[in-house]
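Hello,

Here is the structure I promised to pass on to you.

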Amino acid sequence: MASSVDFESLRPSPADVRVVTSDGSTIAAHSSVLASASPVLERMIEVSARIRILGASPDAVAAFLRFLYSPREATAGEWGEAAMAAHGAALLALAHAHRVPWLKRRAEEDVAASLTADRAVDALKLARLCDAPRLYLWCVRLAGKDLAAVELSEGWRFAGRHDAALQVDLLRLLHDADQRKKRWERERASQDVYRQLSDAMASLDRAFTEASPCDDDGSGACTARQGIVQLVRHLAGCGNKGGGGGGCPHCKRIFQLLRLHSSVCDRTEPCRVPLCSNLKTKMQAEKVDKTWRLLVKKVARAGVMATLDNREVPEIVKRSWAKYNSGGSRSRAARFR
Ligand SMILES: [Zn+2]
Ligand SMILES: [Zn+2]
């Protein structure tokens, strides 16, 4: 029982406040401890030496007070672990209501760590009431992973009967997360395309500007180069070009690559890539459209990113990466989980 908790013995001075709990039992405690731990309790004690802490079971209130007496137990010790496991949600609410931030953080972590799909809706409600954003995020993530299990939970059914707004909120968050994921996947797929185009630009450049014969180093660069040379030869000899390489798909492809090259080519001296200067003049005269300008910008950016990815990493950076990957990353990862 809560009333049997002996806080009196924890301090040399006699207990001078009584904490009344929801079942009417009282706990003797020290005003100095409570007031220094919580500004809310401090104000209550200024008004009366008999204060009420309701809205949680007497055992949870006793655990809350014990944490205020010995904060260290929140981070170390078996008792702290057991109390968090038994009263985590109540402790989060009590710490929030009485403005004890360190205990609120600890309880939030604990509730999040032991979260299961069947309790996700209750925890979401708690997170909203207690302004606990990390717990909120955890609930949404868990619901996203296993919505079917969440929908089977008592919390979900209860929300359907009494708090439909909560269900709508959760579904909207899941929908937004899903949209974000799809957008990200689309973005990644288009980045791959820009990267491939940028590689094609590099091959085109090498094929016509490097004087040395192709030394196949096994990277496939030589094959790509030969392919491009063949395509350009085809363009020169094809009888089905049409306007801008319109008729033949091969011609169309190489024509667009040459056009893209002349858009990204910044040589001041005459360029040896076929049609480069002609296309430059033509595009300046005709003014290219917005979509093409955006494409050019993205391909150029992909080229810069590829250069950065392929550059030689300084030894000092390599060493710190190795250190990061071997040592502290596990605890860092655990912190972020
Ligand atoms: Zn053709
Ligand atoms: Zn050029």
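Below is what came out of the model, going from the overall fold to a few single residues.

This is a predicted model, in which local features need pLDDT of at least 70 and side-chain atom pairs count only at pLDDT 80 or more, while totals for chains, interfaces and linings use all residues. Residues are numbered from 1 along each chain as its sequence is written, and chains are lettered from A and ligands numbered from 1 in the order in which they are written.

On confidence: pLDDT is the predictor's confidence in each residue, from 0 to 100. The protein chain has a mean pLDDT of 82, with 85% of its residues at 70 or more. Over residues 328–337 pLDDT stays under 50, and the model has one contact beyond four places in sequence for them. Two residues are in contact here if their C-beta atoms, placed from the backbone, lie within 7 Å.

The protein chain holds 17 helices and three strands; these are DSSP runs numbered from the N terminus, helices being H or I with at least four residues and strands E with at least two. The three strands make an open, mixed sheet in the order β2-β1-β3, with β2 (26–29) and β3 (50–52) as its edge strands, each pairing on one side only. Strands pair if DSSP finds at least two bridges between them. Strand β1 (residues 17–20) runs antiparallel to β2 and is joined to it by four bridges, and Val-20 stands opposite Thr-26 in β2.

Of the 337 residues in the protein chain, 28% are buried. A residue is buried if 20 or more other C-beta atoms lie within 10 Å of its own, exposed if 12 or fewer, and partly exposed in between, with C-beta atoms placed from the backbone. A nonpolar core is a set of buried Ala, Val, Leu, Ile, Met, Phe, Trp, Tyr and Cys residues joined through C-beta atoms within 7 Å. The largest has 53 residues, and Leu-91, Leu-92 and Cys-139 touch the most other members. Helix α5 (residues 78–97) gives the largest share of this core, nine residues. Another core of 16 residues lies apart from it, including Met-201 and Leu-260.

Finally, Glu-210 sits in the loop between α11 (164–209) and α12 (221–237). Glu-210 is exposed because it has 11 other C-beta atoms within 10 Å.

Best wishes
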